[in-house]
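Please open the structure in your viewer and keep the selection tool at hand.

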Amino acid sequence: MSRWLDVEVGTDDIDLNSLPSNLALVDLHNDNEYKLLVGDLGRGEEMPKLKIFRGAMQMSDLVLPDLPLGVVGFYTSETMPRSCPVIAIAMSSCIYIYRNMKLFYKYYLPSVEQNTCELEIWRQLMDPINHNEESLRGLTASLQAIPQKVLSNQSQNFLDLDFEQRIEYLEQLTELPSRKNVEIVCITTMKINSINKHGVSCLVIGSEEGDIIILDPNTFTPLSMAKLCAVKKTPYQMVATGLYNVDYSVTVATREKSVCLLKREWKEGQLLFHTEEHIIAIEVSAIDNSVYVICCDNTFSCYSKKGKKQWSLNLEHRPIALTLVPIMHLGTTLIAVALASGHLHLYDGKSRRDTMFIKDVVSVMKFGQLGQEENVFVIITANVYNPLTFVAFGFLQFSDGNLMLKILKRTADFNADAASADVTPDPLSSEKPWLIPKRSKLFLEQSARERENAIAMHETFQHELNRLRLLAGKTLLEVHVKSDNSIAVGALEPIRLTAEVEGLGPVFRVTLIIENRSSTRAAAGLALLFHTNTYKVYRPYLKVPLLAPNSQLRLPTKVEEIFDENINPEIFLRGVTGQGGEGSLVKILLLKDGQRSPVLAATVQMPATDPMMIPYDMQTVTAFQQ
């Protein structure tokens, strides 16, 4: 028995060509009747439009000046009476803000400096001397050698022209391009102070240059700007969770088969994990921040918030779309995966809870409130797709798009023991359902006892917790006082000591790095002392010159491993085990004039000497031969 009610939609006048980021469910007039907004790319010479649907019927449309890359709706004020939400549409390098369906504001991404090599090529192209076929061919080849990510739109459009069109374009060009516009690739919203559905949100923008920009909802100026990763990566899709003024995280899927994470007050994001194939879509759970990913290798995977893979499923067909299905009255959130075969699976973790078959291929889908119905599946189907578009731009372009609506029945149940629920575990996951025992009499008596003595039990727990904290503090203080410290305390607190070991052995080069992190005080009267029994240090005592503020000093020395006459056979196995034993430890003490005890101490774990580097005369007499 199906859990969904199909809504009849007239498909004669509906022909949608959209992307997953161009769908939004917005309460346009604050009447609790949500409208469906679709950013239609258009076909052929047809202009792009923003189409507005009330239920299954199209109310109106709005002609757009460029191809839409993302459509979102959000509130900019919490004043009463509540104002209508604004609509933000990303196009090229600009964000168009619509209020009451009228253009209200335009925000352009900051332009960046042109690449120096590209700028030099354009200087030569503008020279009339080079307006011949041979020179133009060489300069065009130099322009094509520059990576596509670095080239400006002007250069990319110039390369698409033929010879005559290039000459005509250069003759009309009067000014040398010095800066290039940054393209927008993805857009989303994030709540600022409250998770209420009418709470104020801010815009989060991902650019082609790998920047993540967060805009103020009132002034539309950047609140923060950060790099996606230390290595340049291009965003593809991003999901924002949390509150901007409290704590938030932005999970970004990139075109380089990776997922990055950006958190509050970070100036640069971090790489979360890599995937073996290109990512089709991602979603992030609002409960535990788990990341769900579908990839081109027909896999559906789940990663923890720290980037560790939790599980992975091999799907029967290629996945196309992914979305979360939060069902509030059941207290559960499912994950919907649409396949190229027309099947749409709903998963609760790894367990499949429901399956729907769509007669056409699902290209775009979204779940949420439409009209006054809270649980509606909005699906845009298609019959034909263009795989070349996916290879070039990272998304699938469909044709002949039809609109389909499915309403969740109020009696629907997605529990494992519900009727028509698919509780058969995946053959590759070998998952077994949990056996939850029934409540016993002992459990009921214990529950009643805890309710009667709740205050006394809480006080006892807090008392024991404070004792545990005190014991942990005392132990930590004792360990801190007795153990070696690579960072000094007291008057020499800004001094830090580290060591680098180089070589295969038995002679190593040990470089000691002393860093003065103080910005006002210099350090003087310091010395270094080596202490070891199994190594020969050529300079066991080093005087440290004056250390200026915010500076570091590198002091190299030579250390040689000393072998006994009878070499232990375990020495030849240290390269395999990677363990040198207690004898491989070298202690380094930092001394200060006028002090009897060392300022700080550091222990260096010396690497095992390569057996091939041990002198031959020592290898001839070993414990094996004896």
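The tour begins with the whole chain and then turns to single elements.

**Before selecting anything**

This is a predicted model, in which local features need pLDDT of at least 70, side-chain atom pairs count only at pLDDT 80 or more, and totals for chains, interfaces and linings use all residues. Residues are numbered from 1 along each chain as its sequence is written, and side-chain values use heavy atoms, with hydrogens and water left out.

**Stop 1: the whole chain**

Of the 626 residues, 43% are buried, where buried means under 20% relative accessible area, exposed over 50%, and partly exposed in between (1.4 Å probe, protein chains only). A contact means heavy atoms within 4.5 Å. Among contacts between residues at least 6 apart in sequence, 51% join residues at least 24 apart.

**Stop 2: helix α1 and its cover**

Select residues 116-126, which form helix α1. Which residues of this helix are buried? They are E118, L119, I121, W122 and L125. Seen down the axis of α1, these buried residues fall within an arc of 160°, so they line one face of the helix; the arc is that of the directions from the helix axis to the C-beta atoms. In general, an α-helix has 3.6 residues a turn, so residues three or four places apart point the same way.

Within α1, select L119, which counts as buried at 15% relative accessibility. The C-alpha atoms of L119 and L143 are separated by 9.9 Å, although the two residues are 24 apart along the chain.

**Stop 3: T140 in helix α2**

Select T140, which is placed in helix α2 (residues 133-145). Is T140 buried or exposed? At 5% relative accessibility, T140 counts as buried. With neighbours within four places in sequence left aside, T140 is in contact with F158, L159 and R166.

**Stop 4: a sheet of four strands**

Move on to the open sheet of 4 strands, with the order β12-β13-β14-β15 and antiparallel pairing. Two strands pair if DSSP finds at least two bridges between them. The edge strands are β12 (184-191) and β15 (222-227), each pairing on one side only. Select β14 (residues 211-215) together with β15: 5 bridges join these antiparallel strands. Within this pair, I213 has M225 of β15 as its bridge partner.

**Stop 5: the hairpin of β26 and β27**

Select strand β26 (residues 343-348) with β27; the two pair in the antiparallel sense over 6 bridges. L344 has M356, in β27, as its bridge partner. Between the strands of this hairpin there are 2 residues, and G349 takes a positive phi near 70°. In β27 (residues 351-357), 5 of the 7 residues are buried, so the strand is largely enclosed by the rest of the structure.

**Stop 6: an annotated region**

Finally, select residues 319-340. An unreviewed UniProt entry places the feature "transmembrane region" at residues 319-340 and 376-396; UniProt positions are given in the numbering used here, feature names are shortened, and annotations may be inferred rather than shown by experiment. In the model, residues 319-340 are 0% helix and 77% strand, and the end C-alpha atoms are 6 Å apart.
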